[in-house]
Amino acid sequence: MAVARLPGMTGTREWVYPQSIQGTFTRLRRWTFLGLHLALFVAPWITIKGHPLVLIDLPHRRVHLMGAIFTPADTIFLVLLLLFLAFSLFFFTAIFGRIWCGYACPQTVFLESWIRPLEQWIEGDRTQRKRRDGVGLSWDKARRKVAKWSVFLAVSLLLGMAMTSLFAGARPLWTGQASLTSYAFVGIFAAFWFVDFTWFREQFCIYLCPYARFQSALTDDETLLISYDVERGEPRGPKRGPDGGCIACRKCVVVCPQGIDIRNGFQLECIQCARCIDACESVMSRFDQPTLVRYSSIAVDDGKPTRPFRPRTMVYGGLLTTLTAAAVVLLVGRVPFEASVNRAPGSLFTVDADGYVRNTYLLKITNKDPSATPVSYRVEVDGLEGAVVTTSALDIAREESATVPLIVRLPAAAADRRTIPFTVRIQSPSAELLLPTTFKTGVHVGAEDE
Ligand code: SF4
Ligand code: SF4
């Protein structure tokens with residue numbers, strides 16, 4: 001008799017039913033999982049001096065981070081951050097293999113923290129789930145599937161809201177005051193997670209994630225990888241436990257969320273989650289023997305040492321240090337406002353009734369100081385002897401911009417060249433910015449006409 005299958009239960013896919021496991025690495029991973037949850041669910045609610053701790057404000061092209069405001073003029077910091085993240089990935093992969101996948105990747109974190117426990121709660125353990133999926137549709141099966149998918153949908157929406165909070169702000173989003181676009185993004189994120197949780201799961205790592213493809217280029221013989229101790233474990237058999245060999249219990253296999261057997265050697269599907277270590281440890285501890293699945297390297301297995309300082313790690317480490325130093329230097333010298341000066345549309349210069357030559361500019365200042373009090377800016381010019389500078393009062397509230405006319409008048413006697421370079425000096429109470437520009441006169445125009 002043909003068995004009625006539910007969506008996602010057809011085709012050639014071998015469904016994975018990982019058994020739950022507890023142990024040293026499961027406990028350790030809870031701490032890194034906590035880090036991602038804090039970043040998503042807590043950080044968007046924290047404010048520093050009235051600013052979000054973290055907010056990527058795309059409509060206003062601003063990023064709020066740790067109380068500072070970054071604008072497109074600070075793109076260098078984004079470049080440094082992306083380079084830092086890329087080289088951190090290279091660095092840690094060279095030392096610990098796919099530690100990102102097993103300990104910090106959002107897919108792993110959410111599957112382990114929410115989805116697998118909820119699935120077990122609603123549908124039972126691995127054996128019950130497998131048995132139920134293998135038989136036809138029944139009332140019990142249908143109601144459990146509907147309950148599970150409803151809970152997964154709720155979790156997906158929660159994650160969609162948390163992720164969009166980083167872009168729209170937690171308070172406006174959760175109080176219904178964010179834009180329609182923001183809620184559309186909640187829907188997009190939620191749809192992604194729902195499909196992933198209900199169907200895609202480990203296939204994402206195997207077929208879509210590019211990191212799995214290039215990881216072999218980032219590791220070497222001294223990289224720590226989770227592997228099976230063939231020397232001690234083989235030949236396997238049920239009576240090998242007391243002498244430390246593999247008893248072929250397959251516990252390391254049934255807990256694997258990727259559906260692989262680590263005893264077959266290194267496999268690209270392995271996300272280095274260490275569940276198989278905890279599984280084998282729980283088995284071998286009964287025989288007072290160390291686990292057969294452990295962190296090791298090809299070098300160690302060949303009797304050679306694993307060096308933390310080797311050319312690859314030193315190059316990545318050096319680049320990370322350089323990037324960090326560059327970011328610190330740039331941050332220390334960062335001016336908490338932006339300014340630009342452009343010539344006002346119209347004539348290059350005019351000659352006033354009192355003989356002064358006048359140039360008019362448009363001065364734009366953006367206040368990026370996180371302080372709640374408006375900042376007063378002073379404007380002076382350097383390099384124009386006897387110049388008279390006129391501009392409006394420049395008291396600008398935080399995150400606001402002001403564009404005002406800047407009039408520079410020069411006595412006729414000092415206007416002795418057609419183009420005179422000079423500098424506009426803008427001062428806030430804590431910093432100053434120098435903007436080079438030019439002053440135009442008519443002195444040589446007449447001479448050239450003659
Ligand atoms: S083999 Fe072990 S470390 Fe690799 S994915 Fe499976 S359980 Fe995780
Ligand atoms: S859990 Fe350990 S003893 Fe059991 S099959 Fe895996 S390697 Fe062998």
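The legends below describe close-up views of a predicted model.

The model is predicted, so local features are given only at pLDDT of at least 70 and side-chain atom pairs only at pLDDT 80 or more, while totals for chains, interfaces and linings use all residues. Residues are numbered from 1 along each chain as its sequence is written, chains are lettered from A and ligands numbered from 1 in the order in which they are written, and side-chain values use heavy atoms, with hydrogens and water left out.

**View 1. A nonpolar patch on the surface.**
The patch is formed by Trp 31, Leu 34, Leu 38, Val 42, Ile 46, Ile 48, Val 63, Leu 65 and Met 66, which together have about 800 Å² of accessible area. Patches are made of residues with over 30% relative accessible area and no salt bridge; like charges are joined within 9 Å, and nonpolar side chains (Val, Leu, Ile, Met, Phe, Trp, Tyr) within 5 Å. Accessible areas come from the Shrake-Rupley method with a 1.4 Å probe, and for residues only the protein chains shown count as cover. Helix H1 (24–42) and strand S4 (62–65) each supply at least two residues of the patch, and H1 gives the most, with four residues. Helices (H or I, at least four residues) and strands (E, at least two) are DSSP runs, numbered from the N terminus. Val 63 has its place in strand S4 and is partly exposed because its relative accessibility is 32%. Buried means under 20% relative accessible area, exposed over 50%, and partly exposed in between (1.4 Å probe, protein chains only).

**View 2. Helix H2 and its cover.**
Helix H2 covers residues 75–96. Its 22 residues should span 32 Å at 1.5 Å a residue, and the end C-alpha atoms are 31 Å apart, which agrees. The expected span is 1.5 Å times one less than the number of residues. Buried residues of H2 are Phe 77, Leu 80, Phe 87, Ser 88, Phe 91, Thr 93, Ala 94 and Ile 95. Their cover includes strand S5 (68–70), helix H10 (210–218) and helix H15 (311–332); contact means heavy atoms within 4.5 Å. Just after H2, Gly 97 takes a positive phi of about 70 degrees.

**View 3. Cys 101 without a disulfide.**
The structure holds zero disulfides (a disulfide is a pair of cysteine sulfur atoms within 2.5 Å). For Cys 101, the nearest cysteine sulfur is that of Cys 209, 5.8 Å away. Cys 101 counts as buried, at 6% relative accessibility. Another cysteine, Cys 249, is partly exposed, with a relative accessible area of 42%.

Arg 275 and Glu 112 meet through their side chains in a salt bridge (3.0 Å, N to O). A salt bridge is a side-chain nitrogen of Lys or Arg within 4 Å of a carboxyl oxygen of Asp or Glu; the structure holds 32 of them. Arg 275 is buried, with a relative accessible area of 5%, and Glu 112 is buried, with 14%. H13 is mostly covered, with eight of its ten residues buried. Its buried residues pack against H1, H4, strand S6 (225–228), helix H12 (251–254) and strand S7 (293–296).

**View 4. A network of salt bridges.**
The network links Glu 119, Glu 123, Arg 129, Asp 133, Lys 145, Lys 148 and Arg 201.

**View 5. The loop between helices H11 and H12.**
A cis peptide bond, with omega of about -10 degrees, joins Glu 234 and Pro 235. Pro 235 has its place in the loop between helix H11 (230–233) and H12. Ala 248 is in the loop between H11 and H12 and has a positive phi of about 60 degrees although it is not a glycine. Arg 250 also lies in the loop between H11 and H12, with a positive phi of about 65 degrees although it is not a glycine. Ala 248 is partly exposed, with a relative accessible area of 35%; Arg 250 counts as partly exposed at 41% relative accessibility.
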